[in-house]
Amino acid sequence: MNRLFISRFSAPFAELSLIHDGAALWELHFSRREANDFREEVPLPAFLMKPLQAYFAGEIDALRSIPLHLVGTDFQKQVWEGLRTIPGGQAWSYAELAAAIGSPKACRAVGMANGHNPCALVVPCHRVIAADGTLGGFSSGLDNKRWLLRHEGVNWR
C-alpha cells in the first residue's frame, strides 16, 4: 500500500487539501481535511505547487501536468480521462462528454461518475454544465464552480 500525505494550498476561494503519495495526486478537496493515521501532513511538493500557482495566475491548462493516481471503476476512469480533454475556457454538457468517451447514451452514468471525481479542479468536472447552459450541480458548491468558470473565461447562461 502506498503511503499517503496531505498538503494544503490556499486558493483564492478556498483552502485546498491535496492527498498524494509524493509522486501523484490521489484526491483534491475544496475544504480542510485533517491528517490522520494514514496521512501525514507535509509541505506541498513542487509537482503540485508549480501547476497550481500557474493555474491561478491564469495558465488555465497548467494542471494537465499533474500526475494522477485515480481509484475508481473502469467507466469512472474513462469519464475522468474524458474530463481532462475538455479544453480550458470551454464547458461541455453531459451529453457532449458522454459522446466524447464513446458512450452517447450514458449521460446519467457520466453525471454519476462526474460527481464521484476524487480530484476536482485537476480533473475539471466544473467544466460540465447542463444541456440548457445552466450550471447544474457541483459537489464543492456552485459558488466555487462559478468562480472557476469565470477564472477560465467560460460563458454560460
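I start with a definition: a salt bridge is a side-chain nitrogen of Lys or Arg within 4 Å of a carboxyl oxygen of Asp or Glu. I also note that this is a predicted model.

**Entry: salt bridges**

How many salt bridges does the structure hold? I count five. I looked up one of them, between Glu40 and Arg3. The closest N and O atoms of Glu40 and Arg3 are 2.4 Å apart, which falls inside the 4 Å cut-off. Glu40 sits in strand β4 (residues 39–41) and Arg3 in the segment before β1, so this pair ties together parts 37 residues apart in sequence.

**Entry: the two domains**

The domain assignment gives me domain 1 (4–65) and domain 2 (74–152). Their contact draws on 16 residues from domain 1 and 20 residues from domain 2. I find 20 Å between the C-alpha centres of domain 1 and domain 2.

**Entry: the interface**

I wanted its size next. Domain 1 and domain 2 bury about 1,500 Å² between them. Of that area, 64% is on carbon and sulfur atoms.

How many salt bridges cross the interface of domain 1 and domain 2? The rule finds zero. For polar contact, I get seven residue pairs across this interface, with both residues at pLDDT 80 or more.

Which elements give two or more residues to the side of domain 1 that touches domain 2? They are β3 (25–29) and α1 (46–56). The largest share of that side, four residues, comes from β3. I sorted the residues of the side of domain 1 that touches domain 2 by type: twelve are nonpolar, one is polar and three are charged.

**Entry: aromatic pairs**

My count comes to seven aromatic pairs. One of them is Phe13 with Trp147. Their centres are 5.0 Å apart, and the angle between the planes is 45°, so I log the pair as tilted. Phe13 is in the loop between β1 (4–10) and β2 (15–20). Trp147 is in helix α5 (residues 142–152). The pair links distant parts of the chain, 134 residues apart.

Technical notes. Residues are numbered from 1 along each chain as its sequence is written. This is a predicted model: local features need pLDDT of at least 70, side-chain atom pairs count only at pLDDT 80 or more; totals for chains, interfaces and linings use all residues. Side-chain values use heavy atoms; hydrogens and water are left out. Domain bounds come from an automatic or database domain assignment. Contact means heavy atoms within 4.5 Å. Buried area is the accessible area (1.4 Å probe) that two parts lose on being put together, summed over both. A polar contact is a pair of N or O atoms within 3.5 Å; within protein, one must be able to donate a hydrogen and the other to accept it, and residues adjacent in sequence count only if both atoms are side-chain atoms. Ala, Val, Leu, Ile, Met, Phe, Trp, Tyr, Cys and Pro count as nonpolar, Asp, Glu, Lys and Arg as charged, and the others, Gly among them, as polar. Rings of Phe, Tyr and Trp (its six-membered ring) pair if their centres lie within 6.5 Å; planes under 30 degrees apart count as stacked, over 60 as edge-to-face and the rest as tilted.
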